[in-house]
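Open the model in your viewer and keep the sequence panel beside it. This tour goes from one selection to the next.

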Amino acid sequence: MATPPVNQWKTLDKDLKRFGLIEEAAGFVARPLVAPGLSLAFIVLAGLGAAVLMGAQPGALIVVAAAAIGAYMALNIGANDVANNMGPAVGANALTLGGALAIAAVFETAGALLAGGDVVKTVSTGILAPDAVPDAAHFVWAMMSALLASALWLHLATWMGAPVSTTHSIVGGVVGAGIMAAGFSAVNWGAIGAIVTSWVISPLMGGIIAAAFLALIKAKVIYVEDKIAAAQRWVPGFIGLMTGAFATYLAIKGLKKVIDLSMGASILLGILLGLAAWALAVPLVRRQSRGMENRKKSLKKLFTLPLVVSAALLSFAHGANDVANAVGPLAAIVHAVEAGELADQVTVPLWVMVVGALGISVGLMLFGPRLIRLVGSEITKLNAMRAYCVALSAAITVIVASWLGLPVSSTHIAVGGVFGVGFYREWHAERRARMLGLQKGKPVAPEERSRRLLVRRAHITTVIAAWVITVPASAALSAGLFWVLNTLEG
(Lines give C-alpha, C1' and ligand atoms only; values in the text may rest on other atoms or scores of the structure.)
Protein backbone atom coordinates (compact mmCIF):
# COMPACT_ATOMS: atom_id res chain seq x y z
CA MET A 1 0.00 0.00 0.00
CA ALA A 2 1.44 3.36 -1.06
CA THR A 3 2.18 5.98 1.56
CA PRO A 4 0.29 9.28 1.03
CA PRO A 5 2.46 12.23 0.05
CA VAL A 6 3.67 14.56 2.80
CA ASN A 7 1.48 17.44 1.57
CA GLN A 8 -1.61 15.22 1.98
CA TRP A 9 -0.68 14.60 5.64
CA LYS A 10 -0.31 18.34 6.14
CA THR A 11 -3.73 18.94 4.59
CA LEU A 12 -5.27 16.30 6.84
CA ASP A 13 -3.67 17.86 9.93
CA LYS A 14 -5.04 21.26 8.96
CA ASP A 15 -8.52 19.83 8.44
CA LEU A 16 -8.44 18.04 11.80
CA LYS A 17 -7.25 21.23 13.45
CA ARG A 18 -10.15 23.11 11.89
CA PHE A 19 -12.59 20.49 13.18
CA GLY A 20 -11.05 20.82 16.64
CA LEU A 21 -11.45 24.58 16.56
CA ILE A 22 -15.06 24.23 15.40
CA GLU A 23 -15.82 21.82 18.26
CA GLU A 24 -14.15 24.16 20.74
CA ALA A 25 -16.12 27.13 19.41
CA ALA A 26 -19.36 25.15 19.50
CA GLY A 27 -18.71 24.19 23.10
CA PHE A 28 -17.94 27.80 24.00
CA VAL A 29 -21.16 29.01 22.38
CA ALA A 30 -23.28 26.23 23.86
CA ARG A 31 -22.03 26.68 27.44
CA PRO A 32 -24.13 29.79 28.17
CA LEU A 33 -27.18 27.93 26.87
CA VAL A 34 -26.90 25.05 29.36
CA ALA A 35 -28.54 26.84 32.29
CA PRO A 36 -31.47 28.25 30.25
CA GLY A 37 -31.94 24.82 28.66
CA LEU A 38 -32.09 23.06 32.01
CA SER A 39 -34.47 25.73 33.32
CA LEU A 40 -36.77 25.24 30.36
CA ALA A 41 -36.67 21.47 30.91
CA PHE A 42 -37.71 21.98 34.57
CA ILE A 43 -40.58 24.26 33.55
CA VAL A 44 -41.78 21.74 30.98
CA LEU A 45 -41.56 18.89 33.51
CA ALA A 46 -43.60 20.90 36.00
CA GLY A 47 -46.27 21.43 33.35
CA LEU A 48 -46.25 17.76 32.34
CA GLY A 49 -46.51 16.68 35.98
CA ALA A 50 -49.53 18.92 36.46
CA ALA A 51 -51.08 17.51 33.27
CA VAL A 52 -50.70 13.94 34.54
CA LEU A 53 -52.16 14.80 37.95
CA MET A 54 -55.08 16.82 36.59
CA GLY A 55 -55.97 14.31 33.86
CA ALA A 56 -59.03 15.26 31.84
CA GLN A 57 -60.59 17.50 34.48
CA PRO A 58 -62.17 20.76 33.29
CA GLY A 59 -59.64 23.58 33.39
CA ALA A 60 -56.66 21.21 33.34
CA LEU A 61 -54.87 23.29 30.70
CA ILE A 62 -55.10 26.35 32.94
CA VAL A 63 -53.50 24.45 35.82
CA VAL A 64 -50.76 23.15 33.49
CA ALA A 65 -49.97 26.70 32.39
CA ALA A 66 -50.06 27.92 36.00
CA ALA A 67 -47.71 25.10 37.09
CA ALA A 68 -45.22 26.09 34.40
CA ILE A 69 -45.39 29.75 35.44
CA GLY A 70 -45.09 28.76 39.13
CA ALA A 71 -41.98 26.74 38.29
CA TYR A 72 -40.56 29.76 36.44
CA MET A 73 -41.27 31.95 39.48
CA ALA A 74 -39.57 29.45 41.82
CA LEU A 75 -36.50 29.40 39.57
CA ASN A 76 -36.25 33.16 39.81
CA ILE A 77 -36.66 33.13 43.59
CA GLY A 78 -33.72 30.74 43.80
CA ALA A 79 -31.66 32.84 41.41
CA ASN A 80 -32.23 36.13 43.23
CA ASP A 81 -33.32 35.77 46.85
CA VAL A 82 -31.14 32.93 48.16
CA ALA A 83 -27.97 34.94 47.46
CA ASN A 84 -28.78 37.05 50.51
CA ASN A 85 -28.39 34.01 52.79
CA MET A 86 -25.25 32.53 51.26
CA GLY A 87 -23.49 35.62 49.88
CA PRO A 88 -21.88 36.75 53.17
CA ALA A 89 -20.54 33.25 53.96
CA VAL A 90 -19.02 32.94 50.47
CA GLY A 91 -17.61 36.48 50.59
CA ALA A 92 -15.99 35.68 53.94
CA ASN A 93 -14.40 32.50 52.46
CA ALA A 94 -16.17 30.41 55.09
CA LEU A 95 -17.73 28.44 52.23
CA THR A 96 -16.75 27.81 48.65
CA LEU A 97 -19.31 28.77 46.04
CA GLY A 98 -19.99 25.09 45.32
CA GLY A 99 -20.37 24.29 49.01
CA ALA A 100 -22.73 27.22 49.50
CA LEU A 101 -24.87 26.14 46.55
CA ALA A 102 -25.10 22.57 47.88
CA ILE A 103 -25.96 23.59 51.46
CA ALA A 104 -28.49 26.17 50.31
CA ALA A 105 -30.16 23.73 47.93
CA VAL A 106 -30.57 21.11 50.68
CA PHE A 107 -31.80 23.51 53.36
CA GLU A 108 -34.04 25.54 51.05
CA THR A 109 -35.75 22.34 49.90
CA ALA A 110 -36.00 20.99 53.45
CA GLY A 111 -37.46 24.26 54.71
CA ALA A 112 -40.03 24.39 51.93
CA LEU A 113 -41.16 20.76 52.27
CA LEU A 114 -40.88 20.26 56.03
CA ALA A 115 -41.88 23.65 57.38
CA GLY A 116 -43.57 25.39 54.48
CA GLY A 117 -46.97 26.79 55.42
CA ASP A 118 -49.73 24.31 54.69
CA VAL A 119 -52.35 27.04 54.49
CA VAL A 120 -51.70 30.06 52.24
CA LYS A 121 -54.06 32.94 51.65
CA THR A 122 -55.29 32.85 48.09
CA VAL A 123 -54.43 36.50 47.55
CA SER A 124 -50.90 36.28 48.97
CA THR A 125 -50.84 38.19 52.28
CA GLY A 126 -54.35 39.60 52.04
CA ILE A 127 -53.69 42.18 49.32
CA LEU A 128 -56.76 41.34 47.20
CA ALA A 129 -60.20 40.44 48.58
CA PRO A 130 -61.58 37.39 46.73
CA ASP A 131 -65.18 38.53 47.15
CA ALA A 132 -64.35 41.74 45.25
CA VAL A 133 -63.48 39.78 42.09
CA PRO A 134 -66.45 39.20 39.72
CA ASP A 135 -65.99 35.45 39.35
CA ALA A 136 -63.51 32.56 39.59
CA ALA A 137 -62.35 33.02 35.98
CA HIS A 138 -61.29 36.62 36.59
CA PHE A 139 -59.57 35.56 39.82
CA VAL A 140 -57.61 32.83 38.01
CA TRP A 141 -56.44 35.28 35.33
CA ALA A 142 -55.48 37.77 38.04
CA MET A 143 -53.36 35.22 39.90
CA MET A 144 -51.82 33.96 36.67
CA SER A 145 -50.89 37.50 35.65
CA ALA A 146 -49.47 38.29 39.10
CA LEU A 147 -47.34 35.14 39.10
CA LEU A 148 -45.93 35.70 35.60
CA ALA A 149 -45.34 39.43 36.13
CA SER A 150 -43.44 38.93 39.37
CA ALA A 151 -41.36 36.16 37.80
CA LEU A 152 -40.49 38.39 34.83
CA TRP A 153 -39.50 41.23 37.12
CA LEU A 154 -37.31 38.95 39.24
CA HIS A 155 -35.68 37.64 36.07
CA LEU A 156 -34.90 41.19 34.95
CA ALA A 157 -33.60 42.20 38.39
CA THR A 158 -31.32 39.13 38.48
CA TRP A 159 -30.01 39.97 35.01
CA MET A 160 -29.29 43.53 36.19
CA GLY A 161 -27.53 42.21 39.30
CA ALA A 162 -30.01 43.72 41.78
CA PRO A 163 -31.16 41.70 44.84
CA VAL A 164 -34.87 42.48 45.27
CA SER A 165 -37.69 41.21 47.46
CA THR A 166 -39.69 38.34 46.00
CA THR A 167 -42.49 39.13 48.44
CA HIS A 168 -42.72 42.67 47.14
CA SER A 169 -42.65 41.36 43.58
CA ILE A 170 -45.65 39.06 44.06
CA VAL A 171 -47.51 41.73 46.04
CA GLY A 172 -47.01 44.19 43.19
CA GLY A 173 -48.27 41.60 40.74
CA VAL A 174 -51.41 40.95 42.77
CA VAL A 175 -52.07 44.70 43.09
CA GLY A 176 -51.78 45.33 39.34
CA ALA A 177 -53.98 42.42 38.32
CA GLY A 178 -56.43 43.11 41.15
CA ILE A 179 -56.95 46.70 40.02
CA MET A 180 -57.59 45.55 36.46
CA ALA A 181 -59.95 42.77 37.61
CA ALA A 182 -61.99 44.57 40.27
CA GLY A 183 -60.91 48.20 40.55
CA PHE A 184 -58.92 50.16 43.12
CA SER A 185 -61.38 49.40 45.92
CA ALA A 186 -60.50 45.68 45.84
CA VAL A 187 -56.94 46.37 47.02
CA ASN A 188 -56.03 46.60 50.70
CA TRP A 189 -54.15 49.92 50.52
CA GLY A 190 -53.33 49.80 54.22
CA ALA A 191 -51.25 46.69 53.62
CA ILE A 192 -49.57 48.37 50.64
CA GLY A 193 -48.65 51.34 52.85
CA ALA A 194 -47.08 48.98 55.37
CA ILE A 195 -45.06 47.32 52.61
CA VAL A 196 -43.80 50.68 51.38
CA THR A 197 -42.80 51.53 54.95
CA SER A 198 -40.82 48.29 55.09
CA TRP A 199 -38.62 49.53 52.22
CA VAL A 200 -37.11 51.92 54.73
CA ILE A 201 -37.46 49.94 57.96
CA SER A 202 -35.92 46.65 56.76
CA PRO A 203 -32.51 47.82 55.51
CA LEU A 204 -32.12 50.40 58.28
CA MET A 205 -32.83 47.88 61.04
CA GLY A 206 -30.59 45.27 59.41
CA GLY A 207 -27.76 47.75 58.90
CA ILE A 208 -27.90 49.26 62.38
CA ILE A 209 -28.02 45.89 64.17
CA ALA A 210 -25.20 44.42 62.03
CA ALA A 211 -23.04 47.51 62.61
CA ALA A 212 -23.75 47.38 66.36
CA PHE A 213 -22.56 43.77 66.61
CA LEU A 214 -19.46 44.54 64.57
CA ALA A 215 -18.70 47.49 66.88
CA LEU A 216 -19.10 45.19 69.89
CA ILE A 217 -16.75 42.57 68.42
CA LYS A 218 -14.15 45.20 67.57
CA ALA A 219 -14.31 46.79 71.01
CA LYS A 220 -14.35 43.61 73.08
CA VAL A 221 -12.37 41.09 71.00
CA ILE A 222 -10.34 42.57 68.14
CA TYR A 223 -8.81 45.74 69.60
CA VAL A 224 -7.72 44.36 72.96
CA GLU A 225 -4.28 43.28 74.08
CA ASP A 226 -5.06 39.58 74.66
CA LYS A 227 -7.34 38.69 71.74
CA ILE A 228 -7.47 34.96 72.44
CA ALA A 229 -8.54 35.39 76.07
CA ALA A 230 -11.17 37.90 74.98
CA ALA A 231 -12.43 35.50 72.33
CA GLN A 232 -12.73 32.72 74.90
CA ARG A 233 -14.99 34.98 76.97
CA TRP A 234 -17.10 36.52 74.20
CA VAL A 235 -17.37 34.02 71.32
CA PRO A 236 -19.41 31.45 73.33
CA GLY A 237 -21.81 34.28 74.16
CA PHE A 238 -22.12 35.17 70.47
CA ILE A 239 -22.76 31.51 69.62
CA GLY A 240 -25.43 31.30 72.33
CA LEU A 241 -27.02 34.50 71.04
CA MET A 242 -26.97 33.15 67.50
CA THR A 243 -28.57 29.87 68.60
CA GLY A 244 -31.26 31.62 70.60
CA ALA A 245 -31.98 34.12 67.83
CA PHE A 246 -32.29 31.45 65.15
CA ALA A 247 -34.39 29.18 67.38
CA THR A 248 -36.81 32.05 67.90
CA TYR A 249 -36.61 33.04 64.23
CA LEU A 250 -37.47 29.53 63.06
CA ALA A 251 -40.24 29.14 65.64
CA ILE A 252 -41.82 32.40 64.46
CA LYS A 253 -41.25 32.16 60.73
CA GLY A 254 -40.47 28.63 59.68
CA LEU A 255 -41.89 25.89 61.89
CA LYS A 256 -45.61 26.64 62.09
CA LYS A 257 -46.38 23.48 60.14
CA VAL A 258 -44.49 21.39 62.69
CA ILE A 259 -45.46 23.31 65.84
CA ASP A 260 -47.30 26.62 66.17
CA LEU A 261 -45.88 28.64 69.08
CA SER A 262 -46.85 32.07 70.36
CA MET A 263 -44.33 34.90 70.34
CA GLY A 264 -43.69 34.50 74.08
CA ALA A 265 -43.17 30.74 73.78
CA SER A 266 -40.86 31.24 70.79
CA ILE A 267 -38.71 33.72 72.70
CA LEU A 268 -38.59 31.43 75.77
CA LEU A 269 -37.53 28.52 73.55
CA GLY A 270 -34.83 30.70 72.05
CA ILE A 271 -33.52 31.73 75.48
CA LEU A 272 -33.33 28.12 76.72
CA LEU A 273 -31.58 26.84 73.60
CA GLY A 274 -29.27 29.86 73.58
CA LEU A 275 -28.16 29.18 77.16
CA ALA A 276 -27.59 25.51 76.33
CA ALA A 277 -25.51 26.46 73.27
CA TRP A 278 -23.46 28.92 75.34
CA ALA A 279 -22.72 26.24 77.95
CA LEU A 280 -21.57 23.81 75.24
CA ALA A 281 -19.57 26.44 73.36
CA VAL A 282 -17.42 27.52 76.35
CA PRO A 283 -15.21 24.38 76.45
CA LEU A 284 -15.31 23.99 72.65
CA VAL A 285 -14.05 27.51 71.97
CA ARG A 286 -11.40 27.17 74.68
CA ARG A 287 -10.17 23.95 73.08
CA GLN A 288 -10.29 25.39 69.54
CA SER A 289 -8.39 28.54 70.51
CA ARG A 290 -5.65 26.71 72.38
CA GLY A 291 -2.29 27.44 70.76
CA MET A 292 -3.65 30.16 68.44
CA GLU A 293 -1.51 33.19 67.73
CA ASN A 294 -2.62 36.42 69.36
CA ARG A 295 -3.71 38.17 66.16
CA LYS A 296 -6.85 39.11 64.26
CA LYS A 297 -6.47 36.37 61.64
CA SER A 298 -6.77 33.68 64.31
CA LEU A 299 -10.09 35.06 65.50
CA LYS A 300 -11.72 34.54 62.11
CA LYS A 301 -11.40 30.77 62.49
CA LEU A 302 -13.57 30.86 65.61
CA PHE A 303 -16.44 32.45 63.68
CA THR A 304 -16.29 30.25 60.57
CA LEU A 305 -18.39 27.29 61.78
CA PRO A 306 -21.08 29.48 63.44
CA LEU A 307 -21.30 31.47 60.20
CA VAL A 308 -21.82 28.33 58.10
CA VAL A 309 -24.51 27.08 60.49
CA SER A 310 -26.27 30.44 60.46
CA ALA A 311 -26.25 30.53 56.64
CA ALA A 312 -27.81 27.06 56.54
CA LEU A 313 -30.50 28.03 59.07
CA LEU A 314 -31.29 31.21 57.11
CA SER A 315 -31.76 29.09 54.00
CA PHE A 316 -34.08 26.71 55.87
CA ALA A 317 -36.23 29.59 57.12
CA HIS A 318 -36.19 31.24 53.70
CA GLY A 319 -37.38 28.05 52.02
CA ALA A 320 -40.15 27.69 54.60
CA ASN A 321 -41.40 31.22 54.02
CA ASP A 322 -40.63 32.43 50.52
CA VAL A 323 -41.73 29.27 48.76
CA ALA A 324 -45.23 30.67 49.35
CA ASN A 325 -44.45 33.46 46.88
CA ALA A 326 -44.34 30.84 44.13
CA VAL A 327 -46.89 28.30 45.36
CA GLY A 328 -49.44 30.62 46.99
CA PRO A 329 -50.95 31.99 43.76
CA LEU A 330 -50.50 28.58 42.08
CA ALA A 331 -52.40 26.87 44.92
CA ALA A 332 -55.13 29.51 44.63
CA ILE A 333 -55.48 28.79 40.89
CA VAL A 334 -55.63 25.03 41.47
CA HIS A 335 -58.34 25.47 44.12
CA ALA A 336 -60.38 27.87 41.98
CA VAL A 337 -60.23 25.52 38.99
CA GLU A 338 -61.03 22.35 40.95
CA ALA A 339 -63.70 23.81 43.27
CA GLY A 340 -65.07 26.41 40.87
CA GLU A 341 -65.27 28.92 43.73
CA LEU A 342 -63.11 31.35 45.67
CA ALA A 343 -61.93 30.96 49.26
CA ASP A 344 -60.03 33.07 51.78
CA GLN A 345 -57.69 30.18 52.55
CA VAL A 346 -56.65 27.10 50.60
CA THR A 347 -54.56 24.04 51.38
CA VAL A 348 -51.46 23.73 49.23
CA PRO A 349 -51.27 20.30 47.48
CA LEU A 350 -48.02 18.40 47.98
CA TRP A 351 -47.14 18.47 44.27
CA VAL A 352 -47.42 22.27 44.29
CA MET A 353 -44.99 22.46 47.25
CA VAL A 354 -42.58 20.14 45.42
CA VAL A 355 -42.62 22.40 42.35
CA GLY A 356 -41.82 25.41 44.52
CA ALA A 357 -39.14 23.68 46.60
CA LEU A 358 -37.30 22.09 43.69
CA GLY A 359 -37.64 25.23 41.58
CA ILE A 360 -35.91 27.37 44.22
CA SER A 361 -33.04 24.88 44.46
CA VAL A 362 -32.66 24.49 40.69
CA GLY A 363 -32.74 28.26 40.16
CA LEU A 364 -30.11 28.72 42.86
CA MET A 365 -27.79 26.12 41.34
CA LEU A 366 -28.11 27.48 37.79
CA PHE A 367 -28.29 31.24 38.27
CA GLY A 368 -27.47 32.00 41.91
CA PRO A 369 -23.67 32.47 41.73
CA ARG A 370 -23.84 35.96 40.20
CA LEU A 371 -25.81 37.56 43.03
CA ILE A 372 -24.01 35.47 45.66
CA ARG A 373 -20.77 37.12 44.52
CA LEU A 374 -22.38 40.56 44.48
CA VAL A 375 -23.80 40.35 48.00
CA GLY A 376 -20.76 38.53 49.37
CA SER A 377 -17.85 40.47 47.91
CA GLU A 378 -18.78 43.30 45.56
CA ILE A 379 -20.60 45.66 47.96
CA THR A 380 -17.93 45.56 50.66
CA LYS A 381 -15.21 43.17 51.75
CA LEU A 382 -16.43 40.62 54.28
CA ASN A 383 -14.62 38.26 56.62
CA ALA A 384 -16.10 35.66 58.95
CA MET A 385 -16.77 38.14 61.77
CA ARG A 386 -18.44 40.73 59.53
CA ALA A 387 -20.52 38.13 57.72
CA TYR A 388 -21.52 36.64 61.08
CA CYS A 389 -22.84 40.06 62.12
CA VAL A 390 -24.96 40.21 58.95
CA ALA A 391 -26.47 36.76 59.54
CA LEU A 392 -27.17 37.47 63.21
CA SER A 393 -28.70 40.82 62.28
CA ALA A 394 -31.09 39.14 59.85
CA ALA A 395 -32.46 36.79 62.52
CA ILE A 396 -32.76 39.45 65.25
CA THR A 397 -34.34 42.01 62.92
CA VAL A 398 -37.08 39.58 61.90
CA ILE A 399 -37.79 38.79 65.56
CA VAL A 400 -37.98 42.47 66.55
CA ALA A 401 -40.11 43.32 63.51
CA SER A 402 -42.51 40.43 64.20
CA TRP A 403 -42.82 41.55 67.83
CA LEU A 404 -43.59 45.12 66.73
CA GLY A 405 -45.92 43.93 63.97
CA LEU A 406 -43.80 45.54 61.22
CA PRO A 407 -43.67 44.01 57.72
CA VAL A 408 -40.04 43.48 56.69
CA SER A 409 -38.20 41.86 53.81
CA SER A 410 -35.45 39.31 54.46
CA THR A 411 -33.74 40.48 51.27
CA HIS A 412 -33.69 44.11 52.40
CA ILE A 413 -32.50 43.12 55.88
CA ALA A 414 -29.55 41.06 54.63
CA VAL A 415 -28.42 43.60 52.03
CA GLY A 416 -28.94 46.41 54.56
CA GLY A 417 -26.76 44.44 56.97
CA VAL A 418 -23.96 44.22 54.40
CA PHE A 419 -24.16 47.97 53.76
CA GLY A 420 -24.29 48.65 57.51
CA VAL A 421 -21.13 46.64 58.11
CA GLY A 422 -19.38 48.40 55.22
CA PHE A 423 -20.33 51.91 56.31
CA TYR A 424 -19.36 51.18 59.91
CA ARG A 425 -15.95 49.99 58.70
CA GLU A 426 -15.53 53.26 56.79
CA TRP A 427 -16.42 55.34 59.84
CA HIS A 428 -14.23 53.28 62.14
CA ALA A 429 -11.24 53.34 59.76
CA GLU A 430 -11.48 57.12 59.36
CA ARG A 431 -11.83 57.59 63.11
CA ARG A 432 -8.72 55.50 63.81
CA ALA A 433 -6.79 57.27 61.06
CA ARG A 434 -7.81 60.66 62.47
CA MET A 435 -6.75 59.64 65.99
CA LEU A 436 -3.39 58.34 64.76
CA GLY A 437 -2.92 61.46 62.67
CA LEU A 438 -3.60 63.71 65.65
CA GLN A 439 -1.13 61.72 67.71
CA LYS A 440 1.51 62.27 65.02
CA GLY A 441 0.44 65.84 64.39
CA LYS A 442 -0.67 65.05 60.81
CA PRO A 443 -4.43 65.38 60.13
CA VAL A 444 -5.93 63.12 57.45
CA ALA A 445 -6.20 64.87 54.07
CA PRO A 446 -9.56 64.75 52.19
CA GLU A 447 -8.04 62.83 49.28
CA GLU A 448 -6.72 60.25 51.72
CA ARG A 449 -10.25 59.79 53.12
CA SER A 450 -11.67 59.21 49.64
CA ARG A 451 -9.20 56.37 49.12
CA ARG A 452 -10.54 54.67 52.24
CA LEU A 453 -14.10 54.26 50.99
CA LEU A 454 -14.97 50.64 51.77
CA VAL A 455 -18.45 50.47 50.19
CA ARG A 456 -18.98 50.59 46.43
CA ARG A 457 -21.31 53.52 45.90
CA ALA A 458 -22.46 52.32 42.47
CA HIS A 459 -24.29 49.38 44.04
CA ILE A 460 -26.24 51.66 46.39
CA THR A 461 -27.97 53.40 43.48
CA THR A 462 -28.73 50.15 41.66
CA VAL A 463 -30.11 48.34 44.71
CA ILE A 464 -32.24 51.23 46.03
CA ALA A 465 -33.67 51.94 42.57
CA ALA A 466 -34.59 48.26 42.15
CA TRP A 467 -36.23 48.18 45.59
CA VAL A 468 -38.28 51.32 44.98
CA ILE A 469 -39.66 50.26 41.60
CA THR A 470 -40.28 46.58 42.42
CA VAL A 471 -43.94 46.93 43.43
CA PRO A 472 -44.94 49.44 40.71
CA ALA A 473 -42.99 47.55 38.03
CA SER A 474 -44.59 44.21 38.95
CA ALA A 475 -47.99 45.89 39.17
CA ALA A 476 -47.67 47.47 35.71
CA LEU A 477 -46.51 44.20 34.15
CA SER A 478 -49.31 42.27 35.83
CA ALA A 479 -51.98 44.78 34.77
CA GLY A 480 -50.81 44.54 31.16
CA LEU A 481 -50.75 40.74 31.24
CA PHE A 482 -54.24 40.59 32.77
CA TRP A 483 -55.58 42.87 30.06
CA VAL A 484 -54.04 40.63 27.36
CA LEU A 485 -55.36 37.40 28.92
CA ASN A 486 -58.82 38.87 29.49
CA THR A 487 -58.92 40.19 25.92
CA LEU A 488 -57.87 36.84 24.46
CA GLU A 489 -60.50 35.02 26.53
CA GLY A 490 -63.16 37.47 25.39
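A patch is made of residues with over 30% relative accessible area and no salt bridge; like charges are joined within 9 Å, and nonpolar side chains (Val, Leu, Ile, Met, Phe, Trp, Tyr) within 5 Å. A salt bridge is a side-chain nitrogen of Lys or Arg within 4 Å of a carboxyl oxygen of Asp or Glu. Accessible areas come from the Shrake-Rupley method with a 1.4 Å probe, and for residues only the protein chains shown count as cover.

This is a predicted model: local features need pLDDT of at least 70, side-chain atom pairs count only at pLDDT 80 or more, and totals for chains, interfaces and linings use all residues. Residues are numbered from 1 along each chain as its sequence is written, and side-chain values use heavy atoms, with hydrogens and water left out.

**Surface patch.** Select Leu-113, Leu-114, Leu-350, Val-354 and Leu-358. Together they form a nonpolar patch on the surface, with about 440 Å² of accessible area. Helix H4 (97–115) and helix H11 (350–367) are the elements that give it two or more residues. H11 gives the most, with three. Helices (H or I, at least four residues) and strands (E, at least two) are DSSP runs, numbered from the N terminus. Residues three or four places apart in an α-helix point the same way, because there are 3.6 residues a turn. Now pick Leu-358, in H11. Leu-358 is partly exposed, at 41% relative accessibility (buried is under 20%, exposed over 50%, partly exposed in between; 1.4 Å probe, protein chains only).

**Whole chain.** Zoom out. The chain has 16 helices and two strands. Of its 490 residues, 50% count as buried. The accessible surface comes to about 22,200 Å², and 67% of that belongs to carbon and sulfur atoms.

**Helix H7.** Select residues 189–222. What bend does H7 show, and where is it centred? There is a kink of about 35 degrees, centred on Ser-198 (the angle between axes fitted to the seven residues ending there and the seven starting there).

**Ser-150.** Go to helix H5 (residues 136–160) and pick Ser-150. Ser-150 is buried, at 0% relative accessibility. Leaving aside residues up to four places away in sequence, Ser-150 touches Met-73, Ser-169, Ile-170 and Ser-474 (contact means heavy atoms within 4.5 Å).

**Ala-247.** Finish in helix H8 (residues 227–253), at Ala-247. Ala-247 is buried, with a relative accessible area of 12%. Its C-alpha atom is 7.0 Å from that of Leu-269, 22 residues apart along the chain.
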